[in-house]
Amino acid sequence: MAIRFSYILAAAIAGGVALWMSSGTIVVGGQGANENSVPPPAVRVEAENEEAFPVRVERFKAQLRRSYLDLRGRTEADTKVEVRAETTGQVEKRLVQEGQRVKSGDLLCVLDRGAREARVLQANAQLAQAQLDFEAANELSGKGFTANNRVAALKAARDAAQAELREADIELSRTEIRSPIRGIVESPMVEMGTILSVGQICATVIDPDPMLAIGAISETNISRVYLGQPARIELVTGDVVEGKVRYIAPSADPDTRTFRVEVEIPNPDGTVLDGITALTQLKLPEQKAHYMSPAYLTLNDNGVIGLRGVDESNTVVFYPVEVIGGDTEGVWISGLPEEATIIVVGQDYVSAGKTVKPVFETAEVN
């Protein structure tokens with residue numbers, strides 16, 4: 001039986017295919033797979049994902065830090081009295097000048113006495129007459145020549161005369177306007193010749209010692225303030241003074257929801273003036289915190305501010321933190337462990353739970 005040529009050709013092709021497959025060389029997409037071939041894109045991406053992402057890190061250690069609670073406000077004299085006239089009259093004398101220091105009881109202004117001296121003389125004469133009448137009646141009553149009710153009436157008349165004299169003396173004394181406190185006379189002061197009515201101001205006297213630093217604190221921080229709390233006051237003039245909290249408002253302002261706080265500043269030499277802009281810093285207890293650049297801060301997917309660090313297994317960890325202070329060079333952070341390894345470059349390209357390749361640097365903490 002003759003073997004057809006087509007059978008021979010088919011057997012040759014089948015043998016060639018079997019030999020090629022047994023060699024292990026497979027052509028995919030027109031390229032043969034060998035030791036120098038490039039893997040497909042999907043394989044390359046998966047391989048890249050399996051490699052740890054390199055990040056730069058620094059190790060930070062907590063430090064003891066004294067923080068401050070800032071209150072912005074102004075200075076205010078503890079005692080400021082507007083000395084007012086208690087009677088009507090023309091200013092006849094002005095015994096002090098603006099800026100002059102006075103003591104309690106010092107004479108500031110003298111008003112025209114007018115008819116007040118005459119009223120005092122008249123009241124004295126009436127009292128003398130009433131005293132004589134009473135003494136005579138009392139003597140006659142002892143001998144039985146005058147009724148007791150007449151003696152009582154004359155005694156009442158004498159007492160009334162004494163009261164009238166006292167009133168006239170007081171009215172006359174009101175022409176002399178005196179300082180009720182020690183302090184400094186503030187400008188402006190009443191001019192000579194001015195007619196003052198009852199209640200009008202002769203002069204204003206300020207007692208600068210002690211001086212107060214007035215500020216307002218939010219309801220969220222009021223629990224951190226206490227009486228006697230030490231304070232540091234920076235004045236707009238550049239001076240820095242010390243003081244203590246002496247008053248905390250028992251209720252908040254209904255509009256701002258803040259509490260008034262007064263800090264007492266010893267001011268015997270009067271160097272701290274009234275009405276100066278002041279920054280009051282209330283000293284808080286010491287606490288541990290970390291100092292670093294604000295550039296290291298980031299946000300998580302929920303918008304929480306924090307820092308990304310790495311743990312012992314090089315896994316990314318997110319630490320929610322609070323900024324408790326700072327300056328032009330860095331910020332103070334609370335909320336971190338005692339020692340923490342923080343990502344300082346690349347923190348925005350990794351997420352919590354991802355394994356990274358940390359590249360360490362020595363942290364320089366001021």
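Author: Two strands are said to pair if DSSP finds at least two bridges between them. The model you see is a predicted one, and in it strand β5 (residues 89–94) is joined to β7 by three bridges, the two strands running antiparallel. In general, strands of a sheet pair through backbone hydrogen bonds, and they do this in either a parallel or an antiparallel way. Here β5 and β7 belong to an open sheet of four strands, whose order is β8-β7-β5-β10 and whose pairing is antiparallel. At the edges of this sheet stand β8 (176–178) and β10 (195–196), and each has a single partner strand, so one side of each is left without a neighbour in the sheet.

A disulfide is, in general, a covalent bond between the sulfur atoms of two cysteines. The structure holds one disulfide, which is formed by Cys109 and Cys202, with their sulfur atoms 2.1 Å apart. This pair links distant parts of the chain, since Cys109 lies in strand β7 (residues 107–111) and Cys202 in strand β11 (residues 201–218), 93 residues apart. The link of Cys109 and Cys202 is right-handed, with 80° about the S-S bond. Cys109 has a relative accessible area of 0% and is therefore buried, and Cys202, with a relative accessible area of 1%, is buried as well.

In the pair of Tyr291 and Trp332, the ring centres are 5.0 Å apart and the planes are at 55°, so the pair is tilted. This pair, too, links distant parts of the chain, with Tyr291 in strand β15 (residues 277–292) and Trp332 in strand β20 (residues 331–334), 41 residues apart. Both Tyr291 and Trp332 are buried.

Because its relative accessible area is 9%, Thr298 counts as buried. Leaving aside residues up to four places away in sequence, Thr298 touches Val304, Ile305, Gly306, Arg308, Phe318, Gln347 and Asp348. With one of these residues, Arg308, the side chain of Thr298 makes a polar contact through the side chain of Arg308, at 3.3 Å.

How values were computed:
Residues are numbered from 1 along each chain as its sequence is written. This is a predicted model: local features need pLDDT of at least 70, side-chain atom pairs count only at pLDDT 80 or more; totals for chains, interfaces and linings use all residues. Side-chain values use heavy atoms; hydrogens and water are left out. Buried means under 20% relative accessible area, exposed over 50%, partly exposed in between (1.4 Å probe, protein chains only). A polar contact is a pair of N or O atoms within 3.5 Å; within protein, one must be able to donate a hydrogen and the other to accept it, and residues adjacent in sequence count only if both atoms are side-chain atoms. Contact means heavy atoms within 4.5 Å. A disulfide is a pair of cysteine sulfur atoms within 2.5 Å. Rings of Phe, Tyr and Trp (its six-membered ring) pair if their centres lie within 6.5 Å; planes under 30 degrees apart count as stacked, over 60 as edge-to-face and the rest as tilted.
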